[in-house]
Amino acid sequence: MPGKRVNLNLIKTHFSYTASELAKRLGIHKNTVRNWMRAGLPCLGGRPALFHGGTVRAFLSARNARRRQPCPPGFLYCFRCRDRRKPALGLVDYVDRENGAGNLTAICESCGAIMNRRAGRDRLGAIMPGLDVQIRQAAPTLVGSLDPSLNCGSKEQRSA
């Protein structure tokens with residue numbers, strides 16, 4: 001099971017923390033902090049081992065940046081396969097949301113799961129080159145709907 005993401009904003013840059021204080025602050029187990037130390041998180045030495053907040057934030061942000069892998073053109077990320085995959089049969093749906101931004105939806109060619117990717121309408125040619133992209137309009141929201149909700153007159157009908 002992949003680890004949960006920690007909120008780096010909870011770490012104060014000018015404070016020093018012990019392993020248990022850092023773990024409590026981030027909501028993780030103290031052995032996780034010790035594993036980070038084995039993976040290269042520098043400590044100030046001594047007993048108990050102290051970790052400078054700015055160093056911890058830099059270590060974790062660099063670690064998160066190394067794991068990031070943007071999708072190349074023509075690919076979407078499949079959460080079931082946990083890898084970048086091409087759409088099945090080269091078919092992609094684009095649902096136009098607001099201000100030229102929308103969602104790309106396709107089916108994974110290897111497992112059949114639905115894949116999603118956020119994209120701007122003006123960049124569709126660069127993001128999905130050589131693929132058949134069908135553009136659809138988004139369904140109206142309740143606020144912008146011309147049809148009233150079925151429950152809109154329920155108070156008047158109950159009181160009558």
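**View 1. The largest nonpolar core of this predicted model.** This core has 16 residues, among which Ile11, Leu22, Val33, Trp36 and Leu60 touch the most other members. A nonpolar core is a set of buried Ala, Val, Leu, Ile, Met, Phe, Trp, Tyr and Cys residues joined through side-chain atoms within 4.5 Å; buried means under 20% relative accessible area with a 1.4 Å probe, protein chains only. At least two core residues come from each of α1 (19–26), α2 (30–38) and α3 (53–67), helices being DSSP runs of H or I of at least four residues and strands runs of E of at least two, numbered from the N terminus. α1 gives the largest share, 4 residues. A second, separate core of 13 residues includes Leu76, Cys78, Ala106 and Leu124.

**View 2. Surroundings of Trp36.** Beyond neighbours within four places in sequence, Trp36 is in contact (heavy atoms within 4.5 Å) with Val6, Leu26, Ile28, Leu41, Phe59, Leu60 and Arg63.

**View 3. The buried residues of α1.** These are Ala19, Leu22, Ala23 and Leu26. They lie on the same side of α1 because they cover an arc of only 100° around the axis, taken from the directions from the helix axis to the C-beta atoms. Their cover includes β1 (16–18), α2, β2 (50–52) and α3. Gly27, with a positive phi near 75°, follows α1.

**View 4. Asp96 in strand β5 (residues 91–98).** Asp96 counts as buried because its relative accessibility is 11%. Its side chain makes a polar contact with the side chain of Arg121 at 3.1 Å. A polar contact is a pair of N or O atoms within 3.5 Å; within protein, one must be able to donate a hydrogen and the other to accept it, and residues adjacent in sequence count only if both atoms are side-chain atoms.

**Notes.** Residues are numbered from 1 along each chain as its sequence is written, and side-chain values use heavy atoms, without hydrogens and water. In this predicted model, local features need pLDDT of at least 70 and side-chain atom pairs count only at pLDDT 80 or more, whereas totals for chains, interfaces and linings use all residues.

Key. Buried means under 20% relative accessible area, exposed over 50%, partly exposed in between (1.4 Å probe, protein chains only).
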